[in-house]
Amino acid sequence: MSLSDALARQAEACASLGSPFMGRMLPLLTEVWPEGSALDRAVQAFEGDIGPSGHSLPLRLASGLHALVLTGQDADLIAAYPPNDVSDEVLKTVLTSALSRHEMFLIQWITSPPQTNEVRRSAVLIAGTHALVKRTGVTQVHLSELGASAGLNLMFDHYALEAGATRLGPDDAALTLAPEWSGPAPVIAPFTVTDRRGVDLNPLDPHNPDHALRLRAYLWADQAHRVALTDAAIRVNRAELDRSDAVDWLKGRLADAPQGRMHLIYHTVAWQYFPAERQATGTALIEAAGARATPETPLAWLRMEADGQARGAALTARLWPGDHHIILGRADFHGRWVEWTGDPH
């Protein structure tokens, strides 16, 4: 895939996810791209798919430019970025200058893979956990998140969800999520998180300024509400993360699961990036642990993942004992909307 094709495909995806600025800016990068430059050579050095399903070079480049804005390194770029609105010609001029002036910064920035931690996905984690607690009657919950990034979605019990007239979560919630909700109201089944831990190949510490910058830079400049939610989640975050292969880590986590609690394993738009062999091994580990589950110590596997359908991600769960397969609904990849089925038993 050429860089221009990758930029066009990413622009379409960003526009569909509510970012008209990214939908406009990324194609303009194609028009001003400095062919033959050191930055161009750095991009050409990537092997394989550079598009949204591969190395995500468009997002790496866009986040690098956004990082320059967030850190105040380029006044002209700041003046052309939201909330400001300039013509395409002005934006192209500013981008041309930024690509040249900050070439070494961008070359270094794109060496790291995209790092996001979309807090709005916690809406389905909140609703899904209440549904599983209601079904099992076990109110003490032991959390294990795969592909946890910076651990912001490990703190979902500190957030509130407003789903129509129903509110779930603490009165003093660190933030409130209010997706466009359709379907039945989520059930209310209070629970207590007794332990939380996550794993990622490259975990970020949200309290490290450089790591926090990376999280914010991968948010899109015309979506200030996402930055506000991320900042609120960072302030309350105290989740512990491990740097490891998720499946290797999960083996130990399953072995150490305490008695008398529901062990909730979950992931949001992460499983699809695991190699097929890792997926098979991880599934076998979870199923084996499920076979040992009891009504007093249930095991739940909650997933928000792409399933090949055009609209959003599937919300599903498996619950042991009994290996119940539960369809909870669908959700926008960024949590803007939820089509809730709930748990009909």
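Which side chain is joined to that of Arg226 by a polar contact of 2.8 Å? Select Arg226 and Gln223 together, and the two partners of that contact are on screen; a polar contact here is a pair of N or O atoms within 3.5 Å, where within protein one must be able to donate a hydrogen and the other to accept it, and residues adjacent in sequence count only if both atoms are side-chain atoms.

Before going on, note that this is a predicted model, in which local features need pLDDT of at least 70 and side-chain atom pairs count only at pLDDT 80 or more, while totals for chains, interfaces and linings use all residues. Residues are numbered from 1 along each chain as its sequence is written, and side-chain values use heavy atoms, with hydrogens and water left out.

**Stop 1: around Arg226**

Arg226 lies in helix α10 (residues 224-236); helices (H or I, at least four residues) and strands (E, at least two) are DSSP runs, numbered from the N terminus. With a relative accessible area of 4%, Arg226 is buried, where buried means under 20% relative accessible area, exposed over 50% and partly exposed in between (1.4 Å probe, protein chains only). If you display its contacts (heavy atoms within 4.5 Å), you will find that Arg226 touches Glu118, Arg120, Leu219, Trp220 and His334, not counting residues up to four places away in sequence.

**Stop 2**

Select residues 262-268 next, which form strand β8; seven of its seven residues are buried, so the strand is largely enclosed by the rest of the structure. In a regular strand the side chains alternate between the two faces of the sheet. Met262, Leu264, Tyr266 and Thr268 point one way from β8, whereas His263, Ile265 and His267 point the other way.

Val141 stands opposite Met262 of β8. Strand β9 (residues 299-305) also pairs with β8 in the parallel sense, over six bridges, and Arg303 in β9 is the bridge partner of His267. From β8 the chain crosses through helix α12 (residues 276-291) to β9, and this β-α-β crossover is right-handed: with the strands pointing away from the viewer, the path from the first strand over the helix to the second runs clockwise.

**Stop 3: the nonpolar cores**

Stay with Leu264, which touches Thr129, Leu132, Val141, His142, Leu143, Ser144, Phe156, Ala300 and Leu302, not counting residues up to four places away in sequence. Leu264, Phe156 and Tyr159 touch the most other members of the largest nonpolar core, which has 50 residues; such a core is a set of buried Ala, Val, Leu, Ile, Met, Phe, Trp, Tyr and Cys residues joined through side-chain atoms within 4.5 Å. Helix α8 (residues 122-136) gives the most to this core, with seven residues. Apart from it lies another core, of 44 residues, among them Leu17, Ala42, Leu68 and Leu77.

**Stop 4: aromatic rings**

Rings of Phe, Tyr and Trp (its six-membered ring) pair if their centres lie within 6.5 Å, and planes under 30 degrees apart count as stacked, over 60 as edge-to-face and the rest as tilted. By this rule the count comes to seven aromatic pairs. Select Phe21 and Tyr81, whose ring centres are 4.8 Å apart with planes at 65°, so the pair is edge-to-face. The pair links distant parts of the chain, 60 residues apart, with Phe21 in helix α2 (residues 20-32) and Tyr81 in the loop between α5 (75-80) and α6 (88-101). Phe21 is buried at 6% relative accessibility, and Tyr81 is buried with a relative accessible area of 1%. Elsewhere, ring pairs link Phe156, Phe191 and Tyr266 into a cluster.

**Stop 5**

Most residues other than glycine have a negative phi, and most peptide bonds are trans. In the loop between α5 and α6, where Pro83 lies, the peptide bond from Pro82 to Pro83 is cis, with omega near 15°. A cis peptide bond also joins Trp320 and Pro321, with omega about 5°.

Finish at Arg330 in strand β11 (residues 324-331), which is buried with a relative accessible area of 14%. Its side chain reaches the backbone oxygen of Arg311 at 2.8 Å, and a polar atom of the Arg330 side chain lies 3.1 Å from the backbone oxygen of Gly312.

Technical notes. Two strands pair if DSSP finds at least two bridges between them.
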